[in-house]
Amino acid sequence: MKLKIYFLAAFLVFAFAKTRAQTDLSASNALIKRVLPKQHQAFLTESIAAENGLDVFEIESKKNTIILRGSSGVAITSAFYYYLTEYAHCQITWNGVNLKLPQNLPMVKNKVRKSTPYEYRYYLNYCTFNYSMSWWGWARWEKEIDWMALHGINMPLAITGEEYTWYLVYKEMGFSDTDLKDFFTGPAYFSWFWMGNIDGWGGPLPIDWMKSHFELQKKILARQRSLGMKPILPAFTGHVPAAFKKKFPNAKLKATNWTNGFADTYILDSEDPMFASIGKKFLQKQTALLGTDHLYSADTFNENEPPSAEPEFLSKLSARVYDGMAQADPQAIWVMQGWLFYSDRKFWKEPQTEALLKAVPNDKMILLDLATEIEPVWKRTAGFYGKPWIWNMLHNFGGNTNLFGRMDVIAEAPAQALNHPQGGKMKGIGLTMEGIEQNPVLYELMMANVWQSKPIDLKTWLPNFVLNRYGKNNPNAQKAWQILRKTVYHVPADKYIRDGAESIIQARPTFDSLTRWAKTTLNYHERDLLPAWDELIKAAPACQNSDGFQYDVVDVTRQAMANYALPLQRSFVAAYQRKDMATFKAESQKFLELIDDMDRLLATRKDFMLGPWVNQARAWGNTPGRKSALRNECKRPDYALG
């Protein structure tokens with residue numbers, strides 16, 4: 001009998017592995033065809049075993065065929081992108097695509113084999129779903145999932161349509177539509193709703209929106225899983241409707257306020273017996289509707305302080321949050337953003353942080369060091385006290401489009417942390433930007449870390465990036481990028497600059513050139529950027545047909561003009577203060593003309609235009625009135641609250 005059971009188990013494992021391999025190949029082949037519809041038949045895909053449980057890929061040529069082998073769909077598509085960038089000198093980014101392959105594809109002389117040291121390659125931030133993705137339909141999501149797979153992502157956050165599952169759970173608990181009307185926000189504010197900071201803003205949310213985005217979520221998950229990704233789904237953190245206090249008057253609720261001018265939201269205390277039961281209901285409903293990969297996102301006290309700093313209180317709190325997951329899914333793993341340890345360092349000292357984390361078993365929690373390139377929390381938490389953790393580049397706050405980044409840090413720090421004796425259980429790398437579709441060089445560079453355990457040599461990587469982007473090895477273009485590396489993409493060690501400077505043009509009208517709502521401090525001297533602009537202009541005759549070059553020359557021009565706005569603003573403010581009206585009028589006129597010039601410049605690239613954003617929003621409306629309402633919501637100045 002034992003022998004029969006053994007053979008049955010072995011057969012089932014073999015059958016599952018065979019089915020998984022077939023899915024990987026089918027999904028990978030479909031992606032390759034989407035990317036290269038005319039040349040996809042030149043590629044042959046095969047499955048191979050993982051290496052010590054980690055993804056691996058191989059590339060070789062046989063006759064006129066490029067053979068791509070991988071241990072997962074993501075590994076195979078990563079092999080495809082490695083071939084495109086290293087052999088065909090192509091590139092796929094949000095802001096510029098170069099897929100000009102020769103008719104006869106370059107052959108691979110010697111077989112290439114690459115393995116990743118990272119089990120997890122994480123992607124997305126709650127904010128990304130609004131700052132960039134509020135109005136996406138399936139066509140845009142399909143492109144993004146392809147981008148994820150090509151760049152090695154295997155652990156994406158997947159929260160689209162979450163509100164519909166909550167709607168069903170609350171309806172089953174006896175809440176009416178009227179009770180829930182002021183709970184769900186409008187579509188442009190979901191990230192702050194999901195994190196428990198605001199209710200109702202921009203609502204009420206139509207039921208048909210919930211249903212349509214739940215259907216979109218099913219497509220997203222199916223495609224991600226077909227490529228071997230393991231999506232992270234949401235879990236319960238205690239955020240409940242305001243009507244909860246009327247329906248359950250004995251419930252232990254805490255009113256909390258985000259202090260940004262919004263009404264209170266309500267958090268159900270984890271000590272209340274209903275906390276675990278609601279968490280269980282939600283995960284059971286979600287699993288029944290969407291399946292599960294046993295990874296769940298739950299972030300307690302996002303930009304809100306807990307009611308007590310006592311370690312025992314915090315320890316019991318996190319244990320109860322996890323228990324709510326485990327009751328519904330004994331295999332549950334809590335994936336937790338480490339943002340609170342960065343944003344509220346005064347509260348989260350060592351005893352508080354250690355208490356919150358150590359209450360959950362080490363194999364049941366993964367920590368996202370959310371902004372490791374700015375402040376590595378792992379260094380002051382002994383590698384998160386034994387928990388597996390992921391090194392992330394946040395980089396972009398608020399969906400801003402300024403040129404900015406820490407290129408040297410991104411090239412070196414992930415590998416340094418991986419090999420650091422106090423690095424603990426570093427199990428992955430990832431991207432946690434608040435907004436995408438900007439600074440593509442930083443994201444190409446970050447994800448180049450996936451398939452190596454040593455620092456990236458920028459002396460060879462950056463010139464190859466420029467060649468791939470423009471399709472030509474132009475000396476002026478190369479010189480421009482060396483200047484960009486030393487200016488916009490470098491933050492001096494003696495300066496604390498969290499993220500890129502905004503232009504004073506973006507600020508609310510003010511005499512203050514360092515206003516709170518537009519941080520104008522640059523990480524370089526304004527004039528040092530101008531030579532890069534000059535070199536790109538010189539490169540135009542050779543590179544002007546490149547999509548990436550066209551974007552870059554507009555982007556660098558935009559940045560130079562944005563920088564110039566600040567001295568103009570200071571000039572007319574000074575003239576006003578000394579009551580020199582002639583100079584005030586002349587300088588303020590220059591400021592207004594600069595804005596008009598920037599508008600004309602940015603209208604040359606779809607990437608910078610408002611129209612696509614508005615059209616995406618309108619496309620979700622099923623009546624003229626709904627289309628108009630969505631258009632108005634997406635154009636409100638407060639749609640991004642970061």
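These legends describe close-up views of one predicted model. Residues are numbered from 1 along each chain as its sequence is written, and side-chain values use heavy atoms, with hydrogens and water left out. Because the model is predicted, local features need pLDDT of at least 70 and side-chain atom pairs count only at pLDDT 80 or more, while totals for chains, interfaces and linings use all residues.

**View 1. The open parallel sheet.** Eight strands line up in the order β8-β7-β17-β16-β15-β14-β13-β9, with parallel pairing. Strands here are DSSP runs of E with at least two residues, helices are runs of H or I with at least four, and both are numbered from the N terminus. Two strands pair if DSSP finds at least two bridges between them. At the edges sit β8 (155-156) and β9 (233-234), each pairing on one side only. Four bridges link β7 with β17 (residues 425-431) in the parallel sense. Opposite Y122 stands G430 in β17.

**View 2. Strand β14 and its two partners.** How many of the residues of β14 are buried? Five of the five in this strand (residues 333-337) are, so β14 is largely enclosed by the rest of the structure. Buried means under 20% relative accessible area, exposed means over 50%, and partly exposed lies in between (1.4 Å probe, protein chains only). I333, V335 and Q337 cover one side, and W334 and M336 the other. Strand β13 (residues 295-297) runs parallel to β14 and is joined to it by three bridges. L295 has I333 as its bridge partner. Four bridges join β14 to β15 (residues 365-369), again in parallel. Here W334 is partnered by M365.

View 3. Of its 30 lining residues, D55, S72, N154, G228 and K230 are the closest to its centre. α1 (2-35) and β7 (120-123) each supply at least two lining residues. α1 gives the most, with five. By class, the lining holds 13 nonpolar, nine polar and eight charged residues. Ala, Val, Leu, Ile, Met, Phe, Trp, Tyr, Cys and Pro count as nonpolar, Asp, Glu, Lys and Arg as charged, and the others, Gly among them, as polar. On a 1 Å grid over the protein atoms alone, a pocket is an open set of points with protein on both sides within 12 Å along at least five of seven lines, a cavity is a set where a 1.4 Å probe fits but cannot get out, and lining residues have an atom within 4 Å of a point. Grid points are joined across faces, edges and corners, and a volume is the space filled by probe spheres set on the points.

View 4. The whole structure has nine cavities of 30 Å³ or more. Of the 17 residues that line it, E162, W166, W194, A235 and T237 are the closest to its centre. α5 (162-172) gives the largest share of this lining, three residues. The second largest cavity has a volume of about 120 Å³. Its 15 lining residues include F129, M133, S134, T160 and H213, which lie nearest its centre. α8 gives the most here, with three residues.

**View 5. Backbone exceptions.** Most residues other than glycine have a negative phi, and most peptide bonds are trans. G203 and P204 are joined by a cis peptide bond, with omega about 0 degrees. P204 lies in the loop between α7 (190-194) and α8 (207-226). In helix α14 (residues 382-385), A382 has a positive phi of about 50 degrees. Y385, also in α14, has a positive phi of about 50 degrees.
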